[in-house]
Amino acid sequence: MRIRVSTAMTAAALLFAPASAFAGDYFWSGDWYLKVGAAGFAAPDYEGAKKYLFQVTPMISLGKAGSTVRFSSRNDNPSFALIDNGGFRAGATGKLVMSRDDGDSDDLKGLTPVKFGGELGAFAEAYPTDWLRVRGEVRHGIRSHDGIVADISADAFVDVRPDVRLSAGPRVTIASNDYMDTYYGVKPSQVAESGLDAFDPDGGIHSVGAGAAITWQVNEKIETSAFAEYKRLVGDAAKSSLVKERGDKNQFLIGLSATYRFDFTLP
């Protein structure tokens, strides 16, 4: 099992508009929190791969004190709520997309490399009950791909102790033609070098699955979590010659994470 460390950190862009709040303070005035940490997990070499590797990625969360999110998942991409009334939140979100080429796996030899880039878009989440959160994200690729990706999830959660929470629920990912072509397409001109059959995928449902987590609030500053995810590629993602000939439709992920919260005040 190889080890990959992600050294690039996701930066959430905040719009510090000069508009004043009702109390006369600027938007950024007040108490804030910054959570920083890392997650280590075993996951496929690349999307659709059969082999696994250990990865380490940073975790960053920024928000205003007093507007603490009722529930969050490691699947949530960095986001900033422009609407937040407790039962419903919506705003901007973004995701860092790592590069992919034959240096990551020999399976990818002869295929077009995926460039380092990102995805930007919007999110919305709601709480139909006190123990259930439903969330959706829609993002457009930047540099890595020109496609659109939508993630939909639902998580039921329960506090078995004041400091321990269990959560689990289903996930669905939908992707456009451009995204599918970037990650699952094999051009006729690439057949000879890659050894794969040519494949021109269409957009649609990319994967379905489920995830679960145990979160322990060690103290008011430190939070740890153990998590596991299962994803099954469907549609043209599963039909791709890359997945059928060298990969696996069944994708698993398991890992641990820890974060530390810093509190600060802006004038």
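Biologist: Why is Lys221 called partly exposed?

Modeller: Lys221 has a relative accessible area of 22%. Buried means under 20%, exposed over 50%, and partly exposed in between (1.4 Å probe, protein chains only), so Lys221 counts as partly exposed. This is a predicted model, in which local features need pLDDT of at least 70 and side-chain atom pairs count only at pLDDT 80 or more, while totals for chains, interfaces and linings use all residues. Residues are numbered from 1 along each chain as its sequence is written, and side-chain values use heavy atoms, with hydrogens and water left out.

Biologist: What makes Asp263 and Lys221 a salt bridge?

Modeller: The closest N and O atoms of Asp263 and Lys221 are 2.7 Å apart. A salt bridge needs a side-chain nitrogen of Lys or Arg within 4 Å of a carboxyl oxygen of Asp or Glu, so the pair qualifies. Asp263 also forms a salt bridge with Arg261, at 3.0 Å.

Biologist: Is Asp155 buried or exposed, and how do you know?

Modeller: Asp155 counts as buried because its relative accessibility is 2%, against the limit of under 20%. Its salt-bridge partner Arg171, with N to O at 3.0 Å, is at 14% and therefore also counts as buried.

Biologist: What makes S8 and S9 paired strands?

Modeller: Strands are DSSP runs of E, at least two residues long, numbered from the N terminus. Two strands pair if DSSP finds at least two bridges between them; S8 and S9 have 10, in the antiparallel sense, so they count as paired. Val158 stands opposite Leu166 in S9.

Definitions and conventions: Helices (H or I, at least four residues) and strands (E, at least two) are DSSP runs, numbered from the N terminus.
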